[in-house]
Amino acid sequence: MKQFWNIVLGSFVGVWIALMLFSVISVFMSFAFMGAMSMIGKAPAATITDNSVLHLDLGCTVNERTTEDDFMSMLINSETVTVGLDEILCAIDAAKTDDRIDGIYIECNGISAGTASLYEIRNALINFKNESGKFIYAYGDNIPQSDYYLASVADSLYINTIGSIDLRGLAVTIPFYKNLLDKIGVEMQIVRVGTFKSAVEPYILTKISEANKLQYETFTSRIWGNMVNAISTSRGIEPSKLSEMTDSIVFLQETKYLVDNGLADVACYKHEFDDRLKMAVHGDTESDVNFVSPRDLANVQTSNSGDGNIAIVYAVGEIYDAGDEGINSAELAETILELADDDEVAGVVLRVNSPGGSAYGSEQIWEALQKVKQAGKPLAVSMGNMAASGGYYISCGADRIFAEPTTLTGSIGVFGMIPCMKELFEDKLGINQSVVKTNANSEFPMLNEKMTPAQRTAMQRMVNKTYELFVGRCAEGRNMPADSIKMIAEGRVWDGISAKEIGLVDEFGNLEDATEWVAAKAGINGSYNVIIAPVQKDFFTKYISKYINQGIEEKLQQEMGPMYQYRNEIKQITSRSKILCLTPEIVIE
């Protein structure tokens, strides 16, 4: 008990120290911020000369949307580099027609991106090569699988003389917390609809269920098959041979094996590759190559002179009822309603990259999107890496749904999750509670008591009602009978190819395809202007808040030691809505 209060008091001290630091930082930032504003949110003026090369450094994390430059990261020399998918695609597209750009250099340094984002970038590179006639060169030392998927489109793929290529197939690792929760005295009380609704499994099982294993095997096989066929086409290697090499633990093979079997074209040192790139650009090795970053090209904007306005609304992250994390459903719904009422907006595209979240929040966003349609404006959805559960809920009512073959979607299911921490409170921490109440369920839900049969029945009734509403929204939006939706629902996650086959999406395509579809439906025959929403928070609000919160969390972690992981997990569980349309985070490696 003494240790517990030491931890609690230490935590309060940590928060107090962090707040004091905040006051000091605020004074500093008031001086630094004004001077830095000339740098924030925009790159230095691009220096694009003749015979330039677009440099795609894959040593980055790809987000859906370009954000302001992280000034605090620059101050602390952070090694984390984030790039917007929109920025990469815009740069590749601009390079096709910019006469100053001779080609593209892909530097394989370990990209972190979802499967659909990789698919979009790869398609953009293929279009660049086919439509521009310009070269694409790629080089890497030890090339990860995602990098190789992109680099395989190159005209010439160079690898270090003692380099490697990592082709191993796809795998999903799922952590299970049941034993941990048992040790700390927490029991997860689950009510759900959907055999495949696997978000709750880590809290109630110690290994994957057969139903969940089936759906994971299905969509990973489909996605991997798509990647293998793409590499096969670009490299001229039979899919069966690629699979054989993949099973041989390719990254442990000698470089000669990689070249002899067509995975790479030339083995050389970096300086030798640099000379080859100079020859491709200048015809000699004397002149340096002028490298242009994606931001340089993306910043070369043309003036808006279109015949109408199309709004692109980003819905990225987990759906919450409120707050600063992920998708704030209240704020997003308000933004959408404003666009519906704006006579200057001809149509709307919702870009979704979300595993879902709050069922209540999902319904609010769905209803706001219906107002767009009721205003006579075409509405399309462009799905990114994932548009599942609540992410599909907010998508299903669109006039047209676009997805990539490697998108994960569906997961039409609902669950409720209430932790019982009776053992943790009483046996582990020595905390007892007494309740004085006026009615039978005045205290419900109470974290230190199990649900009664009546409470569980009521919870299940609410989950069932929410599921029926979800199914009904899907049936209405997809123009399918509710029974047909239920046959493909049950919380099952589908890859984009399967989703198109069963009618959950309409066609394969990216954000640009969806935007052009909306413009055509809105009767815009020529060019159009794009409005991006919601407006991102300003630098000061976003980043000062981020770094103060980070400082507080670090202090708590230092004070609480091993108990911090429990606190973090319990906070995650208890901070969410009680009824969820949520798919677990799926990281395909």
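Leaving aside its neighbours within four places in sequence, with which residues is arginine 400 in contact? Taking contact to mean heavy atoms within 4.5 Å, arginine 400 is in contact with Leu379, Ala380, Val381, Asp506, Glu507 and Trp517. I shall return to that residue after a few words on the model.

Colleagues, this is a predicted model, in which local features need pLDDT of at least 70 and side-chain atom pairs count only at pLDDT 80 or more, while totals for chains, interfaces and linings use all residues. Residues are numbered from 1 along each chain as its sequence is written, and side-chain values use heavy atoms, with hydrogens and water left out.

Let me begin with the chain as a whole. Its secondary structure comes to 22 helices and 22 strands; these are DSSP runs, numbered from the N terminus, with helices being H or I of at least four residues and strands being E of at least two. The chain has 589 residues, and 49% of them count as buried. Here buried means under 20% relative accessible area, exposed means over 50%, and partly exposed is in between, with a 1.4 Å probe and protein chains only. Among contacts between residues at least 6 apart in sequence, 77% join residues at least 24 apart.

Now back to arginine 400, which is placed in strand E16, residues 400-403. Arginine 400 counts as partly exposed because its relative accessibility is 27%.

I turn next to helix H13. This helix runs over residues 329-341, has 13 residues, and reaches 18 Å from its first C-alpha to its last, close to the 18 Å expected at 1.5 Å a residue. The expected span is 1.5 Å times one less than the number of residues. Within H13, the buried residues are Ser329, Leu332, Ala333, Thr335, Ile336, Leu339 and Ala340. They lie on the same side of H13 because they cover an arc of only 160 degrees around the axis, the arc being that of the directions from the helix axis to the C-beta atoms. What covers these buried residues includes strands E10 (309-316), E11 (319-320), E12 (327-328), E13 (345-354) and E21 (529-533), together with helix H14 (359-374).

The aromatic residues come next. The structure holds 10 aromatic pairs. Rings of Phe, Tyr and Trp (its six-membered ring) pair if their centres lie within 6.5 Å; planes under 30 degrees apart count as stacked, over 60 as edge-to-face and the rest as tilted. Tyrosine 139 and phenylalanine 273 form a stacked pair, at 5.1 Å centre to centre and 25 degrees between the planes. This pair links distant parts of the chain, for tyrosine 139 is in strand E5 (residues 135-143) and phenylalanine 273 is in helix H11 (residues 270-282), 134 residues apart. Both tyrosine 139 and phenylalanine 273 are buried. One aromatic cluster is formed by Tyr105, Phe135, Tyr137, Tyr139, Tyr158, Phe273 and Phe291.

Which backbone features deserve a remark? Most residues other than glycine have a negative phi, and most peptide bonds are trans. The peptide bond from phenylalanine 444 to proline 445 is cis, with omega near -5 degrees, and proline 445 is found in the loop between helix H16 (422-428) and helix H17 (453-478). Another cis peptide bond joins alanine 533 and proline 534, where omega is about -10 degrees; proline 534 lies in the loop between E21 and helix H21 (539-560). Isoleucine 249, not a glycine, has a positive phi of about 60 degrees and lies in the loop between helix H9 (239-247) and helix H10 (255-260).

Finally, the cysteines. Under the rule that a disulfide is a pair of cysteine sulfur atoms within 2.5 Å, the count comes to zero. Cysteine 396 is in no disulfide, and the nearest cysteine sulfur, that of cysteine 474, is 4.1 Å away. Cysteine 396 is buried, with a relative accessible area of 0%.
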